[in-house]
Amino acid sequence: MMSEKEAGQSGGSPQVGGATVSDIQELIRRKEEIEAQIKANYEVLESQKGIGMNEPLVDCEGYPRSDVDLYQVRTARHNIVCLQNDHKAVMKQVEEALHQLHARDKEKQARDMAEAQKEAMNCSLGQNEGLSPLQAFAKVNSISPGSPASIAGLQVDDEIVEFGSVNTQNFQSLQNIGSVVQHSEGKPLTVTVIRRGEKHQLRLVPTRWAGKGLLGCNIIPLQR
């Protein structure tokens with residue numbers, strides 16, 4: 001049986017600030033421990049002829065009952081009252097800790113979402129504001145009149161930053177562009193160029209025409 005001193009020590013737990021999962025697990029462990037102690041004290045009362053928390057401890061003539069251990073009954077009742085108060089306090093702490101943990105998770109989710117939105121916005125701005133000429137990998141240095149390149153709107157000195165699937169990151173040589181052109185005959189290609197500091201997106205269809213090749217322009221690589 002737990003003493004009155006032990007009953008007092010089971011309560012008075014500190015408030016949880018900045019609760020973690022381990023804090024909550026510890027509170028739940030203490031809650032279960034208190035519940036076990038409450039049960040043990042009720043079993044003491046049950047062993048005393050099933051006396052509960054409110055039955056009188058005196059007989060009909062006002063004398064102390066001789067059929068039960070009055071000390072054990074009084075101690076168990078006192079312990080139960082103290083433990084129930086402890087249990088209520090721990091349950092409140094569990095609730096507060098769960099609230100703190102949930103609020104912190106929501107705050108983290110909000111921060112992550114804000115950062116993702118900021119990153120997406122920065123990426124979008126980078127795409128929409130026009131790319132720096134330093135990002136170009138090739139340059140148009142001649143165009144034949146009436147050619148597919150001329151019809152698409154390409155101009156001499158256009159700096160290419162995207163030619164179909166070829167871009168600054170994967171460009172290695174003009175063979176990359178040649179391969180895309182050969183596999184895209186009659187199919188539209190998106191060509192992005194920088195012209196006098198502004199970005200232009202063109203639709204180029206490699207096609208057989210009166211002149212040589214499928215484009216009718218000459219492209220040279222830029223120093224990277």
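This is a predicted model: local features need pLDDT of at least 70, side-chain atom pairs count only at pLDDT 80 or more; totals for chains, interfaces and linings use all residues.
Me: How do I read "buried" and "exposed" here? Where are the cut-offs?
Reply: Buried means under 20% relative accessible area and exposed means over 50%, with partly exposed in between (1.4 Å probe, protein chains only). Take Glu26: its relative accessible area is 35%, so Glu26 is partly exposed. Residues are numbered from 1 along each chain as its sequence is written, and side-chain values use heavy atoms, leaving out hydrogens and water.

Me: Thanks! What counts as a salt bridge, and how many does the whole structure have?
Reply: The criterion is a side-chain nitrogen of Lys or Arg within 4 Å of a carboxyl oxygen of Asp or Glu. Searching the whole structure gives 9 salt bridges. One of them pairs Glu26 with Arg29, whose closest N and O atoms are 2.7 Å apart.

Me: Where do Glu26 and Arg29 sit relative to each other?
Reply: Helices are DSSP runs (H or I, at least four residues), as are strands (E, at least two), and both are numbered from the N terminus. Glu26 and Arg29 both belong to helix α2 (residues 21–47), 3 residues apart, so about one helical turn separates them. Arg29 is partly exposed too, at 40% relative accessible area.

Me: What does the salt bridge between Arg195 and Asp158 tie together?
Reply: Here the side chains meet at 2.7 Å, N to O. Arg195 lies in strand β4 (residues 189–195) and Asp158 in the loop between α4 (148–152) and β2 (159–163), so the pair ties together parts that are 37 residues apart in sequence. Arg195 and Asp158 are both buried.

Me: Which residues are joined into one network by shared partners?
Reply: Glu26, Arg29 and Glu33 are, through salt bridges that share partners.

Me: And how many disulfides are there?
Reply: A disulfide needs a pair of cysteine sulfur atoms within 2.5 Å, and the structure holds 0. As for cysteines you can look up, Cys60 is exposed at 82% relative accessibility, whereas Cys82 is partly exposed at 22%.
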